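Please look at the chains below and consider how they meet one another. The report that follows takes the interfaces in turn and then turns to a single helix.

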There are 4 protein chains.
Amino acid sequence: MGGLLGVAVLGAGHMGADHVRRLDRGVSGARVVSVADPDTDRAKEATAGIDDVRVYPEPEAALDAPGVQAVLVASPGPAHEDALLAAFARGLPVLCEKPLVPDAAGALRVVEAEARLGRRLAQVGFMRRYDAEYMRLRSLLGSGRLGRPLMLHCTHRNVSSPPHFTTDMLIDSSVSHEIDAARWLLGQELTAVSVLCPRPSRNASEDLLDPQFVVFETSGGALVDVEVFVNSGFGYQVRCEAVCENGSARIGDGHTMVVTTGGTAHQEVAQDYLVRFADAYDREVQAWVDATRQGRVAGPSVWDGYAASAVAEAGVRARRDGVRQTVDLAPRPGLYADDDGHLGAVARTLA
Amino acid sequence: MGGLLGVAVLGAGHMGADHVRRLDRGVSGARVVSVADPDTDRAKEATAGIDDVRVYPEPEAALDAPGVQAVLVASPGPAHEDALLAAFARGLPVLCEKPLVPDAAGALRVVEAEARLGRRLAQVGFMRRYDAEYMRLRSLLGSGRLGRPLMLHCTHRNVSSPPHFTTDMLIDSSVSHEIDAARWLLGQELTAVSVLCPRPSRNASEDLLDPQFVVFETSGGALVDVEVFVNSGFGYQVRCEAVCENGSARIGDGHTMVVTTGGTAHQEVAQDYLVRFADAYDREVQAWVDATRQGRVAGPSVWDGYAASAVAEAGVRARRDGVRQTVDLAPRPGLYADDDGHLGAVARTLA
Amino acid sequence: MGGLLGVAVLGAGHMGADHVRRLDRGVSGARVVSVADPDTDRAKEATAGIDDVRVYPEPEAALDAPGVQAVLVASPGPAHEDALLAAFARGLPVLCEKPLVPDAAGALRVVEAEARLGRRLAQVGFMRRYDAEYMRLRSLLGSGRLGRPLMLHCTHRNVSSPPHFTTDMLIDSSVSHEIDAARWLLGQELTAVSVLCPRPSRNASEDLLDPQFVVFETSGGALVDVEVFVNSGFGYQVRCEAVCENGSARIGDGHTMVVTTGGTAHQEVAQDYLVRFADAYDREVQAWVDATRQGRVAGPSVWDGYAASAVAEAGVRARRDGVRQTVDLAPRPGLYADDDGHLGAVARTLA
Amino acid sequence: MGGLLGVAVLGAGHMGADHVRRLDRGVSGARVVSVADPDTDRAKEATAGIDDVRVYPEPEAALDAPGVQAVLVASPGPAHEDALLAAFARGLPVLCEKPLVPDAAGALRVVEAEARLGRRLAQVGFMRRYDAEYMRLRSLLGSGRLGRPLMLHCTHRNVSSPPHFTTDMLIDSSVSHEIDAARWLLGQELTAVSVLCPRPSRNASEDLLDPQFVVFETSGGALVDVEVFVNSGFGYQVRCEAVCENGSARIGDGHTMVVTTGGTAHQEVAQDYLVRFADAYDREVQAWVDATRQGRVAGPSVWDGYAASAVAEAGVRARRDGVRQTVDLAPRPGLYADDDGHLGAVARTLA
């Protein structure tokens, strides 16, 4: 497929607007060509600054807009089934935010519809499968190095829940992430479930049973327990410890996986700067592209480059001669007096 | 500026090829329109699969190619000065890999040339300023919460150095990153430098003084010490501890900043899933866009969506009824028997 | 009570012999005056080198030996009830290794016997209540700073279980530690219990259901879940995370308690050297007393003291004069050529 | 040597009083028979409750008291030389707090005096050699597993310094610990030293150069750098990272040594409960001995033992039957209503 992928986005709420921004400025290879939302004002707001994008109140109109090659569904859950079927009818690939469909019966109808098509068009937005830590954990489990998984201990904590949040939603909205993650990490189906509720936290709204403790059994004889606590107050914490026959591995503390085997706990240490600083390189170049498109220059200046060279040269002399060297900089041209990337901001604060 | 930013890339070696890929598929808003490298074969290899890109042996030709709006310089350091001056002559914004120019005198000529232009066109590729940990550390120092910085303790370790690496390069190539980072973190110039060398590691090649220990003094009365060890064998480790009047902050261990003040060591805990999983969302949508452009479907399937709904429904029943519930899934259609994102790979390994 | 406490130890197996050593050389204020074990040979072995100690095959004889003022019960569990009642009959204070009595009915008989006495004589050996981390965690919970506890997540892993270990013993021998710890940490009784068993690890002996997952409910509406895994292969790991209304606290990773509240994870940092090095001071003085009683001298020598002074003096000069100073030591007398605490051992290895 | 070691303690200040307590109640095998301090009142206070101890204003009198077999010197540094020579004259083994003698010339006189005796009598109180972390680090370095040590990076921070603390004392009192530790860890002498001082912290008293940065060179070609910061405000932190040819090892963060080799960072995981809970066992038995000598009973009661058995029995039933079991406790006798070790304290706080 030549050129950029033309995407119709259904829904321009919190999540939809974020995906519009992401397709436009966060990832490469795509462009937003149409957005549907009953509230066309917020759809227009979400697409401000994007060229050649059309806004519609109706999903079907957005799907039929010229240039649409794929669909991203970010409308409310109850609208997903119709949106998916409409995409299938048009043969359009679709990325559908979770839940696929809120109820299992509706989800099964979508499965059957796609099965009738005889080819896959849809992907569900379980984004943990794309998280670096989860990917590392799955890779480790899949390698067989730790032996068969016996238990997953999961923690899912939010700072606080929105007003409308219900007791059921702790499971069908929050724990649904662990449900998919467990199936994906273990390669097994979940076959039974038990739930225990401690006396609720006083920080939860009245009538909300929060936290809950959920234990799943799997087709491979493993257990998966989940603490879900949506009014923890102390942070957004998503952790998972896989306990296997020959070791355990834990993710979710400080963005590093800790593996424990035979008497030691290990943390991987990066071996290469392109790994350690991969995000920094991306962020650097993206910032430069963005600033340049807006006619701005920011970031480290040539003065910074010169200063680094001058200091390094003094360092080399100090090493060679074995004595302390002072650094003598040329006078700084006014052009660099207060550039964005330079010393001003910190120095002023600390003065 | 409408449309995508047209970029000329000078140099198609390791770093240049990586930037070509990044501009094409890693960041949004830009396209590679020309690449210059004396070795046009490797330039062609680097640009394989990119539409409408031209390859030249000479930098000037690449700068003059139609559609060039900006320049990324990734050629060897000795070629930087000419490349920067050529970009300045054409009024082109430029992102120049470090070092700006290998020697301070040459770097100063570039400073003077840009100062004569009277406006900034160039940014130097000190990518640590875009690393999430360094940004957090600078933000913390800039906030003044820890008081005035007194010392930076820095570690810069590589697994091994390439064959051509010299004793001087430990400072002017490796430590140059710490030089810029220290200036940027502290908002101060480095004014003097001392270097001590222990007896070299047996893992360093003959005649290479590795490791070295460098101590800088700054215009604000702080000290910056750097262990540089390019044949450590044990990892690529970049760490920095800022010791201030009222606390210390350390980055580089496990991708989390540890702040110590008044009797406790703190680690920030994310407060929001869009923060914690920002990278996962980007990676998810990028993977979907890439697959879709190639006519493929991957990632979580609608069967995964259905299974999650069915399990969640059983979970809600288990919570309501207070007893264990089994999960009954419909038969899985053959379409999902061995899809990429599903259970097969792990299950097969663990069977 | 003047003089040393005279203690009868019942049982000279693994645990009993360790307690004999501890009373003799590990703690102050006590002396072992009698030991009972059916295997008098191993009782004699356990008491080798202790003056004035008597060995008996029968517990009663050990209790009636001259000078007995207290009893430590380390015999097998089934013998505990008789031992406790015999101590009660003699009015002797007693420290009884866990379990008090293996079955609840027998334990209740001991409770009733002591209640009839009308005063407490017995203490049970739940030693976690004396572990520094558990004490810190209880102190934190008792302070109310984190609000009401909602859940305790516990891990109890052994490297491997002894041959005779049974499926029941995972709970009544291993989890019994968590049972007491949970009651003590929460100040609540445990009121119900559920157990789930994953398919056993291949590293467990045939017929042993290992690991198990146990969930307790408490009188205060909290939940306590315990992973017990006695053939984990990877370590002896005892961890506990208390999840409260306003924060969580975790012990068991690296001997430090991590507390998470409002957006940060904290670790306590010692404020005083007597806290940080308390164990070192005890160990130092104990080592000196032990060596001196044996007519030996070990540890840092006066040569070490001199060398430290000489280097420190050079350091003070270096600071005052602002230049590097060399250190000139006097010739080392032969007396210190190869003393125990000195440089020899490491230097030889590294030569 | 039969019986307890009779010790004379010279000095009853902060450190001396602590050692008196330690010899009497913290370690086994010794008893305090005499204490000397010009301030006999504080000497009496330090020895309150100890039987048969004599107090003198003069050191010599304390050394000559009946039953003295060894000496612990905890008087001010300037008094050490005379005390050591007096002990040597009497052939008494001596443990001398650091510094051996404040100035190198005096320390050398002590060395020469002991060398003339022809046998070692004195040990210097460098207690870090007895710290578990330092012992682990030395053992690791001595094993040769990490190759030759190249650098030690040391941190020595206090919360605040006492009023009389001088700029010189940062080195000759504080860094003297690192001086000995470095000599002991490396098995090498320190041969040269350089000192750099950043602009002092505002939290240091006027005229105090705090922090300082000290770099030592060693006879084996290693470097040892020390940040000493006695008014850090944020904690008592003593850390040491040994950087070797094949890996690094760091102690001082959270009481665990972290070893980094070939791509992973490791932490040791205990393999045995007697290792993990060694201190808890000692503390438990010491607490029991102390309480018993005072006619008290504390710690876990037989009620606690009964409750544990009853819960464990329910747990075993729950596992066998596969369903949740409630726990039914007998009524609690009044004797255990509010015993020290029980639930009261925490429960009341949390009510």
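## How the chains meet

Chain A and chain B bury about 13700 Å² between them, with 63% of it on carbon and sulfur atoms; buried area here is the accessible area, found with a 1.4 Å probe, that two parts lose on being put together, summed over both. This is a predicted model, in which local features need pLDDT of at least 70 and side-chain atom pairs count only at pLDDT 80 or more, while totals for chains, interfaces and linings use all residues. Residues are numbered from 1 along each chain as its sequence is written, chains are lettered from A and ligands numbered from 1 in the order in which they are written, and side-chain values use heavy atoms, with hydrogens and water left out.

**Chains A and B.** Within the area that chain A buries against chain B, A:Arg120, A:Trp288 and A:Arg293 supply 6%, more than any other three residues. In this interface 158 residues of chain A are in contact with 159 residues of chain B, where contact means heavy atoms within 4.5 Å. One of the salt bridges joins B:Asp168 to A:Arg319, whose closest N and O atoms are 2.8 Å apart; a salt bridge is a side-chain nitrogen of Lys or Arg within 4 Å of a carboxyl oxygen of Asp or Glu. Helix α10 (residues 302-321) of chain A gives the most to the side of chain A that touches chain B, with 18 residues; helices (H or I, at least four residues) and strands (E, at least two) are DSSP runs, numbered from the N terminus.

**Chains A and C.** Here 43 residues of chain A are in contact with 43 residues of chain C, and A:Arg199, A:Phe234 and A:Glu245 supply 19% of the area that chain A buries against chain C, more than any other three residues. C:Arg239 forms a salt bridge with A:Glu241, with the closest N and O atoms 2.6 Å apart. Strand β11(A) gives the most to the side of chain A that touches chain C, with five residues.

The table sets out values for the two interfaces.

| Item | Chains A and B | Chains A and C |
|---|---|---|
| Buried area | about 13700 Å² | about 3300 Å² |
| Salt bridges | three salt bridges | six salt bridges |

**A helix in chain B.** An α-helix has 3.6 residues a turn, so residues three or four places apart point the same way. Just after α4(B), B:Gly91 takes a positive phi of about 70°.
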